[in-house]
Amino acid sequence: MALVLTYGTFDLLHVGHVNLLRRARALGDRLVVGLSSDRFNALKHKQSTQDYAAREAVLRAIRYVDDVFPEDSWEQKAQDILRLGADVLVMGSDWAGHFDALACHCQVRYLPRTEDVSSSALKASIRQSAAPAISAIGLPATLAAPTPAAGGARP
């Protein structure tokens, strides 16, 4: 029974997330997701629209996901692989090369991202759509201003 492990913030769940989870699950019998905790996102300078509990509930409702646990640091991946007995670590292709050192514990695969979709783009689109409404009711423009880049720091 092959266990596949992946990690992410999974904020504003979209088709790109679903595609990644579906393709990751197809690589094994079980898919376990390390979900970035709110504390870890703060360390990465990422701001989620939903808190950990909400993001976890959404992930648990997806048929491809068998289990979810908190990701609290970059360094925990090797320990998680050993603890869970993971056979494959899957990450999006935007992380290509970043986790190759973990290949001594399990197979490392980088799956292609879905073109033209991301949580950052969705957030920007929502902000842009909301700006005229915010302006029309006389609220400060800062409410419609973009927040810092959601990409976060790479390890």
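Guide: Two strands count as paired if DSSP finds at least two bridges between them. The model discussed here is predicted.

Visitor: In what order do the strands of the open sheet lie?
Guide: S1 is joined to S2 by 6 parallel bridges and to S4 by 3 bridges, also parallel. S2 pairs with S3 over 5 bridges, and S4 pairs with S5 over 5 bridges. The open sheet of 5 strands, with parallel pairing, therefore has the order S3-S2-S1-S4-S5.

Visitor: Which are the edge strands of the sheet?
Guide: An edge strand pairs on one side only. This applies to the two ends of the order S3-S2-S1-S4-S5. The edge strands are strand S3 (67-71) and strand S5 (107-111).

Visitor: What does the twist average from one strand to the next?
Guide: The sheet in question has 5 strands with parallel pairing. From one strand to the next, its twist averages 25°.

Visitor: Which residue in S4 is the bridge partner of Leu5?
Guide: S1 and S4 run parallel and are joined by 3 bridges. Elsewhere in the sheet, Tyr7 stands opposite Gly34 in S2, Val32 opposite Asp67 in S3, and Gly92 opposite Leu111 in S5. For Leu5, the bridge partner in S4 is Leu89.

Visitor: What angle does the direction of helix H4 make with that of S3?
Guide: Helix H4 (residues 76-84) packs on the sheet and touches S1, S2 and S3. Helix H1 (residues 15-25) also packs on the sheet, and its direction makes about 140° with that of S2. For H4 and S3, the angle is about 150°.

Visitor: Is S4 largely enclosed or exposed?
Guide: Val88, Val90 and Gly92 point one way from S4, while Leu89 and Met91 point the other way, and all are buried. Because 5 of the 5 residues of S4 are buried, the rest of the structure leaves this strand largely enclosed.

Visitor: How many of the 7 residues of S2 are buried?
Guide: Buried here means under 20% relative accessible area. S2 is largely enclosed by the rest of the structure, because the buried residues among its 7 number 6.

Visitor: Within what arc do the buried residues of H3 fall?
Guide: In helix H3 (residues 52-60), the buried residues are Tyr52, Arg55 and Leu59. They line one face of the helix, because seen down its axis they fall within an arc of 70°.

Visitor: What covers the buried residues of H3?
Guide: Leu59, one of these buried residues, touches Phe10, Leu21, Val33, Leu35, Val65 and Val68, leaving aside residues up to four places away in sequence. The elements that cover the buried residues of H3 include H1, S2, helix H2 (38-43) and S3.

Visitor: Which residues touch the most other members of the largest nonpolar core?
Guide: This core has 17 residues, and the elements giving two or more residues to it are H1, S2, H3 and S4. A second, separate core of 14 residues includes Ala86, Met91, Phe99 and Leu102. In the largest core, the residues that touch the most other members are Leu21, Val33, Leu59 and Val65.

Note on methods. Residues are numbered from 1 along each chain as its sequence is written. This is a predicted model: local features need pLDDT of at least 70, side-chain atom pairs count only at pLDDT 80 or more; totals for chains, interfaces and linings use all residues. Side-chain values use heavy atoms; hydrogens and water are left out. Helices (H or I, at least four residues) and strands (E, at least two) are DSSP runs, numbered from the N terminus. Axes are lines fitted to C-alpha atoms, for helices over the stretch in contact, and angles run from 0 to 180 degrees between N-to-C directions. Contact means heavy atoms within 4.5 Å. Buried means under 20% relative accessible area, exposed over 50%, partly exposed in between (1.4 Å probe, protein chains only). The arc is that of the directions from the helix axis to the C-beta atoms. A nonpolar core is a set of buried Ala, Val, Leu, Ile, Met, Phe, Trp, Tyr and Cys residues joined through side-chain atoms within 4.5 Å.
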